[in-house]
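Me: I have a structure open and would like to go through a few residues with you. Can you take my questions as they come?

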Amino acid sequence: MISLWNRKDVYNGYSIKAVNKVKEILISNGIEYTTRVVYRNNSKLFGPSRSRTGAFGEKTELANIYYLYVHKDDYDKAIMLIGKN
């Protein structure tokens with residue numbers, strides 16, 4: 001089981017295509033993972049910024065930040081498989 005205390009970040013970025021590619025690699029090698037998505041257009045403190053300012057001029061591909069985590073025991077294997085140094 002992957003929890004906050006025993007996980008390591010193997011990917012973070014804006015590309016959903018890259019996230020899906022890394023997920024496929026992890027699944028095909030039997031590595032368990034968890035995901036987290038940060039929606040940059042949503043502020044819980046002040047309400048959704050999009051409702052105040054709109055999305056004019058914003059790049060939609062940069063609206064979300066994706067994080068993939070694996071168990072710390074699988075980290076080295078996962079990094080080797082996805083080709084990250």
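Me: Is His 71 buried or exposed?
Reply: His 71 counts as buried because its relative accessibility is 17%, where buried means under 20% relative accessible area, exposed over 50% and partly exposed in between, with a 1.4 Å probe and protein chains only. This is a predicted model, in which local features need pLDDT of at least 70, side-chain atom pairs count only at pLDDT 80 or more, and totals for chains, interfaces and linings use all residues. Residues are numbered from 1 along each chain as its sequence is written, and side-chain values use heavy atoms, with hydrogens and water left out.

Me: What does His 71 touch?
Reply: Not counting residues up to four places away in sequence, His 71 touches Met 1, Ile 2, Asn 6, Arg 7 and Glu 32, a contact being heavy atoms within 4.5 Å. Its side chain also reaches the backbone nitrogen of Asp 73 at 3.0 Å.

Me: And where is His 71 placed?
Reply: His 71 lies in strand S5, residues 64-71; strands (E, at least two residues) and helices (H or I, at least four) are DSSP runs numbered from the N terminus. Eight of the eight residues of S5 are buried.

Me: Which strands pair with S5?
Reply: S5 pairs in the antiparallel sense with S1 (residues 7-13) over six bridges and, also antiparallel, with S2 (residues 33-39) over seven bridges, pairing meaning that DSSP finds at least two bridges between two strands. Leu 68 of S5 is the bridge partner of Tyr 11, while Asn 64 of S5 is that of Tyr 39.

Me: Switching topic, which residues form the largest nonpolar core?
Reply: That core has eleven residues, including Tyr 11, Leu 68, Val 70 and Ile 79; such a core is a set of buried Ala, Val, Leu, Ile, Met, Phe, Trp, Tyr and Cys residues joined through side-chain atoms within 4.5 Å. The elements giving two or more residues to this core are S1, H1, S5 and helix H3 (75-82).

Me: What about Asn 29, where is that?
Reply: Asn 29 sits in the loop between H1 and S2 and counts as partly exposed because its relative accessibility is 30%. Beyond four places away in sequence, Asn 29 touches Lys 77 and Leu 81, and its side chain reaches the backbone oxygen of Ile 25 at 2.8 Å.

Me: Last one, which element has the lowest mean pLDDT?
Reply: Helix H2 (residues 49-53) has the lowest, at 52, and helix H1 (residues 16-28) the highest, at 96, where pLDDT is the predictor's confidence in each residue, from 0 to 100.

Definitions and conventions:
A polar contact is a pair of N or O atoms within 3.5 Å; within protein, one must be able to donate a hydrogen and the other to accept it, and residues adjacent in sequence count only if both atoms are side-chain atoms.
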